[in-house]
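Colleague: I would like to go through this model with you. Please tell me what each term rests on.

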Protein chains: 2
Amino acid sequence: MKVNKKRALSLMLGLTMGLGATSSAFSQASLEDVMKARGLTQKDLLAAAKTYTPTGGRDEYLVFASGGQSGQIIVYGIPSMRILKYIGVFTPEPWQGYGYDDESKEVLKQGRIQGQDITFGDTHHPALTETDGDYNGKFLIINDKANPRLAVIDLHDFETKQIVVNPFFKSSHGGAFVTPNSEYVMEAAQYPAPFSSDFVPLSDFNDTYRGGVTYWKFNMEEGRIKPDESFTFELPPYSQDLSDAGKGPSYGWGFTNSFCSERYVGGIEKGRPPFEAGCSQKDTDFLHITNWKKAAELVAAGKVEKVNGSYMIPMAQAIKEELLYLVPEPKSPHGVDVNPAGNRIIIAGKLDSHAWVYSWEKIQKAIADKKFEGKDPYGIPIIALKDALHTQVAVGLGPLHNQYDSKECVVYTSAYVDSQITKWDYCEGKVLDQVHIHYNVGHLMSMEGDTVSPDGKYLVSLNKLAIDRFNPVGPLHPQNHQLIDISGEKMQLIYDMPLPLGEPHYAVAIKADKLKPAVRYKSGWNSRTDSRSIYRTRAGREKVEKVDGVTHVYGTVIRSHITPEIIEVEEGDTVSLHLTNLERAEDETHGFALYGQSVNLSIEPGKTASYTFTADKAGVYPYYCTEFCSALHLEMQGYLLVKPKGYKTKDDAIAEGEQYTKADFEKQVKTNLETQAVIDSVVAFITSHNYKDFPPVVALVEDATEQLGFAGEAKKKADDFAAKGDYQNATLWAGQWWQYQVKTADMGLRAKTYLEQHGAVKVDAK
Amino acid sequence: MKVNKKRALSLMLGLTMGLGATSSAFSQASLEDVMKARGLTQKDLLAAAKTYTPTGGRDEYLVFASGGQSGQIIVYGIPSMRILKYIGVFTPEPWQGYGYDDESKEVLKQGRIQGQDITFGDTHHPALTETDGDYNGKFLIINDKANPRLAVIDLHDFETKQIVVNPFFKSSHGGAFVTPNSEYVMEAAQYPAPFSSDFVPLSDFNDTYRGGVTYWKFNMEEGRIKPDESFTFELPPYSQDLSDAGKGPSYGWGFTNSFCSERYVGGIEKGRPPFEAGCSQKDTDFLHITNWKKAAELVAAGKVEKVNGSYMIPMAQAIKEELLYLVPEPKSPHGVDVNPAGNRIIIAGKLDSHAWVYSWEKIQKAIADKKFEGKDPYGIPIIALKDALHTQVAVGLGPLHNQYDSKECVVYTSAYVDSQITKWDYCEGKVLDQVHIHYNVGHLMSMEGDTVSPDGKYLVSLNKLAIDRFNPVGPLHPQNHQLIDISGEKMQLIYDMPLPLGEPHYAVAIKADKLKPAVRYKSGWNSRTDSRSIYRTRAGREKVEKVDGVTHVYGTVIRSHITPEIIEVEEGDTVSLHLTNLERAEDETHGFALYGQSVNLSIEPGKTASYTFTADKAGVYPYYCTEFCSALHLEMQGYLLVKPKGYKTKDDAIAEGEQYTKADFEKQVKTNLETQAVIDSVVAFITSHNYKDFPPVVALVEDATEQLGFAGEAKKKADDFAAKGDYQNATLWAGQWWQYQVKTADMGLRAKTYLEQHGAVKVDAK
């Protein structure tokens with residue numbers, strides 16, 4: 001009844017060659033049938049063609065969206081609008097091992113507030129690092145509004161590397177925004193609070209509560225924020241909001257919005273009107289203009305004092321040194337956006353239906369002429385609106401954020417209340433086009449739209465409410481990002497994309513070919529410190545060592561076993577596991593989970609990941625690989641045995657469930673030789689074609705060759721045991737030899753299929 | 001320079017009417033241009049038409065996929081392949097407030113192991129509850145492999161409601177699988193371990209380590225698992241794997257695979273061959289056949305003892321009572337899948353290239369005739385393969401899982417090593433078609449494919465490796481789910497979908513119209529216990545109460561304020577916040593975060609969510625709404641003031657930042673009256689059309705009417721203060737009146753746009 005393995009393998013290869021997906025002829029009629037059945041219009045079909053990305057296709061842009069209350073970053077492609085990755089940033093996430101392995105716990109530990117772990121973040125505004133005002137594809141920085149922090153993500157491996165805590169603020173919505181060479185990252189406070197951690201009554205609000213903007217120094221070579229070289233402007237207790245850095249003629253300056261410049265404090269529970277009423281009384285709020293270049297020089301010259309261990313420029317000093325100015329701006333503003341040329345600044349205020357365009361030339365002139373209309377209660381000079389404004393344009397109700405097109409003078413503004421996008425000319429001050437979105441848009445994102453050279457092409461409307469756009473999934477709805485084609489005169493809505501987790505606030509899109517992510521780490525790599533792990537373990541060097549009362553397990557993982565497979569410790573021991581992934585193959589991640597513990601390690605090729613815990617209860621604790629890595633994945637397992645204190649082993653021989661004979665051994669060897677013949681035929685196919693012209697195939701062949709090498713080692717062990725007449729071990733190692741053959745065949749078949757599907761030609765036919 | 005609000009609003013309405021998205025004529029030429037530019041073939045275009053879903057369109061099926069090591073459930077639509085939601089199950093997730101609010105912490109607490117919180121899960125196989133073998137759309141159950149647990153998700157609100165811990169197992173991969181009326185949920189052990197929590201040496205492996213399968217009793221009315229009525233079969237220390245419940249003629253029986261029936265224990269660190277070698281030596285493993293119906297009767301009759309506080313049927317009793325049988329199966333199996341008619345069982349073994357089809361008639365006959373080929377080492381009767389097998393079919397290398405088509409006798413099997421799907425006829429035993437996937441498929445999913453009435457239409461290949469399919473995002477790759485059109489003779493691959501977080505193992509697809517999720521909760525609802533929260537707070541009833549040393553804050557949230565806005569406590573106080581969302585509007589979720597704490601609450605309309613903590617350091621702690629809920633969202637804020645112990649307030653008056661006069665009041669009132677005129681015009685537009693024919697518009701009108709009612713209340717307060725000559729408060733309340741007008745306009749404009757875009761007609765024109 002059973003079929004021998006040889007026949008099975010051969011038969012399968014036959015089937016593979018004979019019955020692969022054939023390309024049948026699709027008639028126009030069947031397209032029409034599908035459109036009719038699905039109720040698609042010609043316009044829908046065009047939108048489908050603009051977004052659909054066939055298997056293996058690449059997206060032109062990658063988007064990094066904040067994940068809002070999820071505390072993560074969301075990565076998706078344009079135009080396919082497929083989400084490629086969630087990156088753990090402020091919130092632990094086990095699939096990535098983030099906050100579960102020792103290495104990433106150290107990153108999260110940097111983000112402690114008042115000594116406490118914070119396991120959540122409210123990410124808002126991601127910023128890509130820039131060189132000369134253009135994205136350089138190296139790092140991403142994102143803020144946490146709830147607990148004012150910034151995090152740095154390395155785009156080499158899409159991992160979070162650093163978290164810094166703001167030394168002054170208790171809330172920070174307006175980060176992160178980089179200067180044109182990523183010299184600094186701007187982070188503004190939001191809800192005013194004392195700069196100290198002390199209690200201060202609200203009766204002292206105007207005197208002691210403060211806002212501010214921090215310029216965090218960024219080192220591009222290290223890819224890290226340098227807190228010791230960063231400085232903060234003390235600002236009035238207005239609620240500072242978003243920022244943008246000047247560029248071109250405005251290089252060296254930063255622009256920061258604010259709302260509630262009324263300095264209103266609510267108290268609805270006591271009959272006072274709520275914050276929302278008092279914070280929106282005045283017709284204008286204040287744009288803060290800060291000179292970071294000159295401030296940095298003062299810091300370098302030792303002229304700025306440290307407070308809370310960090311440089312802080314008091315308002316009086318900033319005024320005296322001519323670093324700080326105010327200009328009236330539309331009320332309750334959100335976006336402040338410097339145009340690519342750096343000479344216009346557009347601000348959208350949610351309670352004013354106009355976008356206001358400021359002229360940097362005018363502002364500069366007013367500053368140079370010291371022409372001010374007065375001072376705010378803190379003595380900061382106020383530039384009159386008429387001395388700063390270029391024009392005002394009615395763009396819709398609840399305007400919120402602006403993004404630039406590649407076409408000169410063209411900008412897009414989101415209108416929250418109107419649920420629409422307005423395309424307008426900010427030079428001439430006229431509306432060009434409008435499109436409805438669904439519903440209530442917050443930020444907008446055009447392709448590289450906040451750089452010195454926007455790409456145009458696409459615009460994404462980051463809507464806050466989905467309501468009826470998708471199949472219902474309970475009271476908590478997904479967000480809805482709508483893709484808009486802006487290549488023509490008229491905007492065209494072409495895709496609705498649900499966001500299944502988190503609420504993105506802002507997003508940035510980068511040309512995909514600027515990113516060069518790695519597919520593996522250097523051998524034994526601590527990916528969080530970007531250095532060789534002190535726990536790196538090489539094949540054959542696995543060991544268990546007790547140092548200073550801690551049992552260190554130096555282990556490895558490779559298809560399909562964890563070394564060691566049995567770990568014995570004593571009740572009460574502190575155990576520190578260190579696992580190095582020995583794989584070289586792309587996408588060959590292994591995982592690790594252990595019964596009774598909150599642990600998942602994600603160990604990508606080359607990485608070393610650790611997990612330290614106390615084995616506080618005697619017992620039997622299975623562990624296993626959590627990534628489906630091979631056909632034998634389920635067998636990639638082991639046992640942690642925690643023995644009672646003082647337990648004396650009587651019999652440590654492992655019980656054998658089955659006994660194998662010479663006949664078993666010979667049967668296995670026969671199978672293996674037949675399998676080898678099949679592998680040889682696959683190898684012959686590959687090498688007879690121009691496989692070296694296909695890099696993915698070259699990688700597969702390398703991997704297959706490595707697996708076949710392992711097969712050879714197992715074969716040797718089998719032969720050695722057989723020579724000694726130990727057919728138990730000989731048979732088992734012959735089995736292991738076959739396992740490596742299966743892994744070789746896996747790679748080989750994938751390579752062969754690839755060649756068949758990608759038009760490889762016979763080498764001699766070339 | 002400024003434009004008054006009236007003109008702004010009117011102008012905007014004009015723009016809205018005049019410049020909305022126009023439907024331009026798309027020519028065939030432009031479609032061809034797009035196809036050429038994007039390199040799309042006619043076949044690609046057809047695939048695009050089959051999957052592209054225009055704005056507002058609905059998917060035909062909803063998929064619930066396990067999230068693997070993310071510990072979550074992933075919900076996506078077919079054919080659009082858009083992910084709609086991640087549901088927090090075993091891992092805390094802040095966007096949903098899951099594991100962050102008190103109510104959901106109670107759910108996670110149910111899943112503690114040995115008294116410890118487990119903040120991670122390795123979800124594998126989701127199961128939808130069934131009635132008469134068909135999905136009923138009520139509940140979803142999912143397992144955790146790492147720490148053997150099951151969770152119940154209510155499809156009324158897509159929230160996790162219950163977690164149960166297996167009383168015997170230390171590992172459990174093979175869950176969850178429901179019986180045809182969800183009488184029981186099957187969960188099998190994986191890596192053998194002692195049923196006790198004690199240490200047992202590996203020398204006792206064969207005698208004391210055990211496998212098993214638990215039948216968890218499920219109560220459909222309560223939507224909860226009943227641990228007290230559940231029972232477990234003790235099984236040999238083979239590694240049990242997946243299960244399936246019998247149906248039709250096989251109703252009352254359960255089928256459970258196993259691998260490593262060699263009972264091999266590795267130890268590569270000591271020179272022993274690894275688990276993968278020893279666990280795959282034998283040519284066959286064992287299918288376990290258990291009679292749950294008869295076992296349940298024994299339990300009901302009091303004939304089963306409790307162990308670890310739970311019913312457990314020892315092997316000897318199961319054998320004696322004729323509840324347990326074994327049949328050889330292909331080695332290293334994964335899927336065991338009962339066909340819709342319930343008379344065939346297909347098993348795919350990853351190390352055998354054939355799928356084996358068993359005949360339930362033959363198995364039944366062998367059992368009835370007591371015709372066995374022997375017993376296993378534990379005395380369990382083994383039915384001979386020839387007495388159970390219908391046929392064997394060569395389906396590919398590494399066959400893994402089977403899903404049924406709506407067409408009789410048609411089944412699909414995934415082949416891991418070959419990276420292909422084989423469509424075959426299990427009655428005649430012949431291959432019908434094969435298609436390559438990318439790459440290395442694990443499970444398969446057809447539409448309702450494991451029910452008594454599969455729908456066919458689509459098949460999803462749950463691939464384990466993406467490799468080169470998507471833009472690179474670092475060493476950790478997304479998974480790749482490929483959608484295959486199975487409506488015709490030949491399978492057609494039509495979509496590649498990256499999975500950005502987690503590694504789905506199995507997924508189930510249900511016809512979307514079987515689900516009827518809620519859009520809001522009953523007022524003051526504890527969504528985790530499904531009952532009225534004892535902390536429910538109604539509008540105007542907000543209060544702070546100290547009970548048993550705990551300061552309870554009964555608060556509310558509504559656009560755009562949190563009541564209370566100022567909370568004062570003393571250092572060291574335990575504070576318990578309870579926030580009820582007063583909104584009725586769909587999608588009007590509010591959030592809550594507080595500086596210095598790891599908290600985000602997701603408070604959907606009607607929900608009451610709580611957060612309890614110790615205010616252990618005096619200071620100023622801003623809090624705010626984390627969901628962008630309205631134009632005044634940023635102003636939805638407050639302060640927790642933690643006063644030093646014994647602090648005496650000198651002056652508790654809140655500092656006023658601005659003073660308002662009669663003129664300010666009158667200016668605001670003028671604006672409000674002009675705004676009201678605009679609102680009236682929108683109302684006139686809506687009511688002059690057949691808006692009652694559009695349920696979404698009716699909901700918006702209800703919401704707008706409610707907001708306008710609030711505006712009236714604020715107006716009254718403003719008038720009352722003005723009458724008393726208090727223009728400070730009169731102006732502020734007039735501002736609040738205007739805020740409610742803006743919210744009314746928001747709803748009104750959305751309603752108006754909806755009517756315009758959906759062909760509403762004038763009522764008198766009807």
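Colleague: How many salt bridges does the rule find across the interface of chain A and chain B?

Modeller: The rule finds eight across that interface. This is a predicted model, where local features need pLDDT of at least 70, side-chain atom pairs count only at pLDDT 80 or more, and totals for chains, interfaces and linings use all residues. Residues are numbered from 1 along each chain as its sequence is written, chains are lettered from A and ligands numbered from 1 in the order in which they are written, and side-chain values use heavy atoms, with hydrogens and water left out.

Colleague: Why is the pair B:Lys270 and A:Glu568 called a salt bridge?

Modeller: The rule asks for a side-chain nitrogen of Lys or Arg within 4 Å of a carboxyl oxygen of Asp or Glu. The closest N and O atoms of B:Lys270 and A:Glu568 are 3.7 Å apart, so the pair qualifies.

Colleague: What else makes up the interface of chain A and chain B?

Modeller: The rule finds 105 residue pairs in polar contact there, both residues at pLDDT 80 or more. A polar contact is a pair of N or O atoms within 3.5 Å; within protein, one must be able to donate a hydrogen and the other to accept it, and residues adjacent in sequence count only if both atoms are side-chain atoms. On the chain A side, helix α12 (residues 727–757) gives the most, with 17 residues. Helices (H or I, at least four residues) and strands (E, at least two) are DSSP runs, numbered from the N terminus.

Colleague: How many residues does each chain bring to the contact?

Modeller: Chain A brings 256 residues and chain B brings 257 residues, with contact meaning heavy atoms within 4.5 Å. The two chains bury about 22800 Å² between them, 60% of it on carbon and sulfur atoms. Buried area is the accessible area (1.4 Å probe) that two parts lose on being put together, summed over both.

Colleague: Which domains does the assignment give for chain A?

Modeller: Domain 1 (61–88 + 121–514), domain 2 (525–643) and domain 3 (662–758). The bounds come from an automatic or database domain assignment. Domain 2 and domain 3 of chain A have C-alpha centres 27 Å apart. These two domains bury about 700 Å² between them, 47% of it on carbon and sulfur atoms.

Colleague: How many salt bridges does the rule find between domain 2 and domain 3 of chain A?

Modeller: One. A:Asp703 and A:Arg559 meet in a salt bridge at 2.9 Å, N to O.

Colleague: What makes the ring pair A:Tyr639 and B:Phe275 tilted?

Modeller: Rings of Phe, Tyr and Trp (its six-membered ring) pair if their centres lie within 6.5 Å; planes under 30 degrees apart count as stacked, over 60 as edge-to-face and the rest as tilted. Here the centres are 6.3 Å apart and the planes stand at 55°, so the pair is tilted. The pair crosses between chains, from strand β45 (residues 637–643) of chain A to helix α6 (residues 275–278) of chain B.

Colleague: What makes the backbone at A:Cys409 and at B:His438 worth a look?

Modeller: Most residues other than glycine have a negative phi, and most peptide bonds are trans. A:Cys409 is not a glycine, yet its phi is positive, about 70°. A:Cys409 lies in the loop between β25 (399–404) and β26 (410–415) of chain A. B:His438 and B:Tyr439 are joined by a cis peptide bond, with omega about -10°.
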